[in-house]
Amino acid sequence: MGQFSGYTVEAMDVDPEPNLGGKDEAKEKPILVILVGAPGSGKSTFCDHVMRLATRPWVRICQDAIGNGKAGTKNQCLTAAASALKDGKSVFIDRCNLSREQRADFVKRVGQEVEKHAVALDLPAKLCISRSVKRTGHEGNLQGGKAAAVVNRMLQKKELPKLNEGYARITVCQDKKDVQAAINMYTALGPLDKLPPGFFGQKNSDSKVQQGIMKFLKKKDPPECSDTVVYIASENIQSHATKEKDSNQVLESCEEQKKTSVGSSISLENAPTLAFPSISTADFHFNVEKASDIIVEKVEEYVNKLGNARLVLVDLSQNSKILSLVRAKAAEKNIDSKKFFTFAGNITKLYSDGGLHCNAIANVTNWRLKPGGGGVNAAIFNAAGPALETATKAKAKSISSGKAIVVPLPSSSPLFSREGVTHVIHVLGPNMNPQRPNCLNNDYVNGCKILRDAYSSLFDGFASIVRTQEELCKYSFEKITEGAVQLDQGSRNGDQKAKREAVCEADMNKKYKSFVKELGPNVGSSGDGSTGGQITKAWGAWAQALYDTAMHPERHKNIIEMSHDVVVLNDLYPKAQKHLLVLARVESLDRLEDVRKEHVTLLKTMHSVGLKWAEKFLSENSSLTFRLGYHSVPSMRQLHLHVISQDFDSNYLKNKKHWNSFNSPFFRDSVDVIDEVSQNGKAVLKDENVLSMELRCHRCQSAHPNIPRLKAHISSCQASFPAFLLQNGRIVFSERKDANS
């Protein structure tokens, strides 16, 4: 058994790995990640996808946009990085950083309290050039024909980072597999997690021009050992010079390189982990011997289904009988002690007191899902604060024996900020205590069945959390790589659609990242919102920004109106000259699908506030025209009404998805929503498939091949709006203006 800060980790065969460490050891430094790569290598997209899903607070510093959305200076980047690191946030430096000289100041100006990493996106030059030439709306305006020459010139001077520059860790990505591994690795890196030091992934440190660039360059040097991945790490921290020497020695043999992989260097310490108490053996007096049999049976059934995720049985006492029984029986079954072990400690302080980081914890609750009652239930509700009770009410009012309910833990909860817990899974087992409701009177045939069902439901709920996170990571990476393939195909086929779709997802992900930066480390976690294993909408950390704004407007400077019911703010990336959001200040009202008849008064209030602002804008500019409405399936959590002018004159409107989200049945007019909810108790929603409809003018309905052509047309289109928009107050215009003109 290994001792950790006064607590005991009790393993089946050997001490569980990875080393959980003590409290002081586990306190993680902020990380400075220097991104290295040519234009078009995907640096900004890399940041967006990590920041969207990660629980560690990240800040992206981009020289192309640091000057209030415009290009700035290196000194501005250095100042911003220092400020963010001082606040305890980790930082991505999103610059090309292709030479040692360009990187040096960032490394030198931070002290030993900051861990320094480099991630080199050394992707094929052909791909970088193709992306750069074909992209639109780039922050630094490096696009079109001029981009090829710039990327070509920069690649000729490329210097990949080396350990002796001062980095603790370097990761080099030379293909989509490497990029996926790096995205997943930094996404999974929690606020208190740490990556092993060393040099990872370099194939050929001297290759400046990669194979496959013949179309663009006259010279090419094919890299050697193209299918190898290098892992160099040391148990003890060595000098940077020694590390560099070691890396050169390893690179001498291609055959030895082929035996190693990036994945093998990462321990299970960063794996998703569920901590759970023994169900029903405390207050419900279930037989401990029978319970231990069922625990081991269910763990054996699920442990390999969960991939690299871990299960941890927790009890307060080091001399717990249930821990001893389960440990012995699990050893007999040869269950992997890295994926399942027992832990003696307080389930609400597993990290702060014991150094064990768990993404999810199980709560043995009561049928009413209420706080109190003593034991684990009281402890978890007390530790999590009111936020857990509110989130639980939003999921369910009660629970049946043998069932589990997954509740994403709000970011405002102390369990989230202090312990890193993102989900609480409520579970109810069988009761053998005659002093408690629904006693089974020692009917162990039925009781054992219910207990098996309870553990199955618990582990299914945890599996849904793991699966949702994996799918989000996979989806994010596929969008990156698919966009690159579409661009390359578009180069050969002249397919304009590929241009539009390749930037669509990345732009959506960027949309509210300044919100996320403002909120800091406690922006809400992603949750699968499942009940009994059924997955519903998952809200990533980036998608929680509007919710936090609505619930805590006092934290934000961009509010233009606030009342008891609503908050009004400008859309950060407006799709027209005037684009406001009216947010409902009601818990558990995440989207239009959640609206019911009792919310009609709130809908009317939101419409009234939105109409007031539209009329204010019209008094200033009578040429404008407005629509007020909701997206059928929003990308951001918290019900919000769009108030948007119909000129659609905005550089942020870049692709088909943007256009169709406001000019197809996907956009539900506020007046229609109020009527439908009043009469039917809910609004009619349209599927996201309509977003792929062809581009058509919202006035004359003429079709157009791409966004630039469409924008050129609508800027001069004088046709009247379609008849249905002119009815029921769907279009708002000045009394001095005829909406048909």
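**Cores and a covered strand**

Buried residues make up 55% of the 741 residues in the protein. Buried means under 20% relative accessible area, exposed over 50% and partly exposed in between, with a 1.4 Å probe and protein chains only. This is a predicted model, where local features need pLDDT of at least 70 and side-chain atom pairs count only at pLDDT 80 or more, while totals for chains, interfaces and linings use all residues. Residues are numbered from 1 along each chain as its sequence is written, and side-chain values use heavy atoms, leaving out hydrogens and water.

Q: What makes the 43 residues a nonpolar core?
A: A nonpolar core is a set of buried Ala, Val, Leu, Ile, Met, Phe, Trp, Tyr and Cys residues joined through side-chain atoms within 4.5 Å. The largest such set has 43 residues, and Leu274, Phe276 and Leu458 have the most contacts inside it. Helix H16 (residues 444-493) gives the largest share, 12 residues. Helices are DSSP runs of H or I, at least four residues, and strands are runs of E, at least two, numbered from the N terminus.

Q: Why is strand S20 called mostly covered?
A: Six of the six residues in S20 (residues 640-645) are buried, so each falls under the 20% cut-off.

Q: How do you know that S18 and S20 pair?
A: Pairing takes at least two DSSP bridges between two strands. Strand S18 (residues 579-584) and S20 have five, in the antiparallel sense, so they count as paired. Leu581 has His642 as its bridge partner in S20.
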